[in-house]
Amino acid sequence: MKQSRIKNFSELPGGSVHSAVKRLSEKSRNPNLGLLFYKLLPFWFEVDELERGIKSQHSAERLASILEKVKSYSIRLPAVPCQKSFKLKTAYRLVVGMGYPSLLENGFLFHHTYGVPYIDGATLKGLARHVLLLSIQEALSERLGEEKPLSEIEKFLLSEEENFRKHRFFEELRNREVEIVLSEPSVKFKDAHITFRKIFGTLEKRGQIIFYDAFPEKFSPDQLELDIMNPHYSEYYQSKGQKPPADWQNPVPVKFLTLKRGVVFRFCLDYEPLGEQEPELPEYAEVLLRTGLQNFGVGGKKAKGYGWFEP
Amino acid sequence: MNRRTYLLKVLTPLHVGAGQGLSHVDLPIVREVHTGFPLVPGSSLKGCIREYHLRRVWREYFADKGVNLSDLDEEVSSGRKKLRAINEDSFKKDLEYMRQVFGTAGELEEGNAGKVVFTDARLLFFPVRSVSHIFLLVTCPYALQRYARDTGKEIRVESPKDSEAFCYSMEVAIDNRVMLEEFVFDAKPAGEGLVGFVNSLGIEDKQRVVLVSDTVFSELVQSYTEVQTHVKIDPDSGTVKKGPLWTTEYLPAESVLYVNFFVEDGVEFSAPSEIWLGGDMTTGKGLVKLREVKP
């Protein structure tokens with residue numbers, strides 16, 4: 001047998017000898033799923049299989065069988081005390097982190113330490129921010145009779161205090177109620193532009209609300225499932241439209257990992273501990289985040305209905 | 001001088017930044033020069049704890065009185081603002097406390113350095129992903145000896161070979177092997193020294209503790225921290241903005257560090273039980289729990 005590349009994986013004396021890693025991994029019932037997904041998956045294959053090269057489809061099949069084996073796994077996640085928390089469940093499949101390279105071609109976001117699927121606080125903050133930005137855009141275009149691009153409004157909202165107050169948008173929005181898009185029942189914010197700066201911060205001042213990472217309330221590996229995408233005209237996409245999307249091209253099924261429908265997540269918000277703690281801000285932030293999660297969703301393939309939440 | 005030792009448990013990923021890096025991550029964390037271990041500089045800790053008190057006092061007396069935080073800050077360090085609060089006596093007490101603990105700018109009559117010395121928080125246990133128990137808490141003889149030296153204790157541990165891992169509990173082993181990331185080690189039960197020390201710390205998750213050689217530990221803390229990729233989404237198109245994609249390094253959740261405060265006699269001092277350190281606070285990063293270790 002040829003010498004495997006994997007034998008020389010590292011110079012650490014502990015080493016990662018293929019047969020040993022394979023045996024241990026197969027016996028494990030409590031693995032860190034992130035470690036398993038990104039690093040250990042190749043070890044489930046025989047060395048000669050690896051030498052020949054594995055297709056993403058085979059990796060997916062192997063992954064499915066491993067998940068089946070470890071489905072009784074459990075982890076107690078530390079609960080973070082926070083001012084405001086609410087629960088929503090996935091209304092369809094959820095996939096965050098598809099862009100990370102993996103053996104399956106598409107990635108999946110696992111928490112570094114706990115190895116569970118989660119949604120990063122930065123993603124949630126970005127989503128809530130987008131909802132308010134859209135709402136302000138709508139209020140302004142109603143008022144001005146012309147649609148302003150979001151980037152222009154964002155620039156205004158992030159500007160220095162002095163310029164912010166001098167801007168013509170400032171007076172347009174002053175003392176007016178802005179309806180939050182798609183909020184149900186409808187919610188209106190007074191002085192939404194000032195609230196925006198308070199919640200999300202500007203280049204000069206930190207936002208007053210913390211958006212924590214969101215975790216599933218209870219997690220077990222049987223909440224994960226493989227999904228499939230099946231591009232029919234791969235040559236058309238790969239050639240960026242040079243070749244026609246014709247019927248003689250074969251569909252290429254690609255499997256990817258997702259979280260199932262119906263998994264309950266807990267979303268936590270808190271005051272930035274050193275800030276001013278205005279009681280209405282967490283309320284507002286919750287409305288924005290809820291509206292965003294229920295109508296826009298997070299993660300990949302949102303246009304196909306992935307990643308949105310329901311009560 | 002009294003020595004007060006606290007354990008710092010990282011609850012959410014912690015980024016105490018070292019500025020721009022030239023390595024594989026764009027925004028690396030600070031590390032000790034000689035060991036490469038991550039740390040939290042004493043100045044960071046002091047700054048954060050000072051701000052914690054400053055805000056607490058400001059909120060109590062001045063939040064709706066048109067007094068800026070920076071005014072209180074100046075009052076604490078120089079006394080020039082002559083701030084007055086309704087509850088004069090207790091405000092004076094708080095001022096006095098902050099001046100004692102954090103020092104003043106030298107313009108007061110007794111302009112002085114703080115009466116509490118904040119040392120760097122040093123790494124004691126580092127969480128490493130594992131195939132058997134989700135993650136294990138790894139430490140090494142050097143880290144333990146240093147803890148012993150810094151806290152005036154004695155810890156006797158045997159040194160594992162590079163291929164060995166001494167386990168507090170053999171539950172974490174499979175077939176007498178332990179796996180950390182993709183590396184396999186021979187598992188051995190830890191000696192009384194390590195078991196006794198871990199018990200005395202009273203940490204949660206003690207069954208996850210594993211002792212490896214200094215070389216292995218050093219490799220793990222340098223190459224297996226958490227690295228997150230961040231992008232900016234263009235609000236108009238909803239797609240990733242061209243250009244900015246950057247990576248940030250974090251000390252992972254569940255890391256345990258320790259810190260010594262040296263407190264002058266007669267000064268009352270206790271650290272807050274929870275504090276935010278480092279960057280990205282508004283996206284939930286950098287929450288740290290502090291707990292005093294009884295001598």
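1. A nonpolar core here is a set of buried Ala, Val, Leu, Ile, Met, Phe, Trp, Tyr and Cys residues joined through side-chain atoms within 4.5 Å. Buried means under 20% relative accessible area, exposed over 50%, and partly exposed in between (1.4 Å probe, protein chains only). The largest such core has 110 residues, and A:Ile119, A:Phe267, A:Leu289 and A:Leu293 touch the most other members. Helix α5 (residues 121–144) of chain A gives the largest share of this core, ten residues. Helices (H or I, at least four residues) and strands (E, at least two) are DSSP runs, numbered from the N terminus. A second, separate core holds 68 residues, including B:Val16, B:Val67, B:Phe126 and B:Ala187. In soluble globular proteins, nonpolar side chains tend to be buried together.

2. A word on the model. It is predicted: local features need pLDDT of at least 70, side-chain atom pairs count only at pLDDT 80 or more, and totals for chains, interfaces and linings use all residues. Residues are numbered from 1 along each chain as its sequence is written, chains are lettered from A and ligands numbered from 1 in the order in which they are written, and side-chain values use heavy atoms, with hydrogens and water left out.

3. Look at A:Leu293. Contact means heavy atoms within 4.5 Å. Beyond neighbours within four places in sequence, A:Leu293 is in contact with A:Phe86, A:Leu88, A:Leu124, A:Leu127, A:Phe267, A:Val298, A:Trp308 and A:Phe309.

4. Now chain B. It has six helices and 14 strands. Its C-alpha atoms fill a box of roughly 70 × 60 × 30 Å along the principal axes. Of its 295 residues, 56% are buried. Among its contacts between residues at least 6 apart in sequence, 65% join residues at least 24 apart.

5. Next, the interface. 47 residues of chain B are in contact with 58 residues of chain A. The two chains bury about 4500 Å² between them, 61% of it on carbon and sulfur atoms. Buried area is the accessible area (1.4 Å probe) that two parts lose on being put together, summed over both. On the chain B side, B:Arg129, B:Ile134 and B:Thr282 lose the most area to chain A, together 16% of what that side buries.

6. Salt bridges also cross between the chains. A salt bridge is a side-chain nitrogen of Lys or Arg within 4 Å of a carboxyl oxygen of Asp or Glu. Chain B and chain A share six. One of them pairs A:Lys39 with B:Glu181, with the closest N and O atoms 2.5 Å apart.

7. The whole structure has 45 salt bridges over all chains. A:Glu46 pairs with A:Lys22, the closest N and O atoms being 3.5 Å apart. A:Glu46 lies in the loop between α2 (33–40) and α3 (47–52) of chain A and A:Lys22 in helix α1 (residues 18–27), so the pair ties together parts 24 residues apart in sequence. A:Glu46 is partly exposed at 39% relative accessibility, whereas A:Lys22 is buried at 13%.

8. B:Lys9 bridges to B:Glu254, with the closest N and O atoms 3.6 Å apart. B:Lys9 lies in strand β1 (residues 2–10) and B:Glu254 in the loop between β11 and β12 (256–263), so the pair ties together parts 245 residues apart in sequence. B:Glu32 and B:Arg146 meet at 3.0 Å, N to O. This pair links the loop between β1 and β2 (39–40) to helix α4 (residues 141–151), 114 residues apart. Both B:Glu32 and B:Arg146 are buried.
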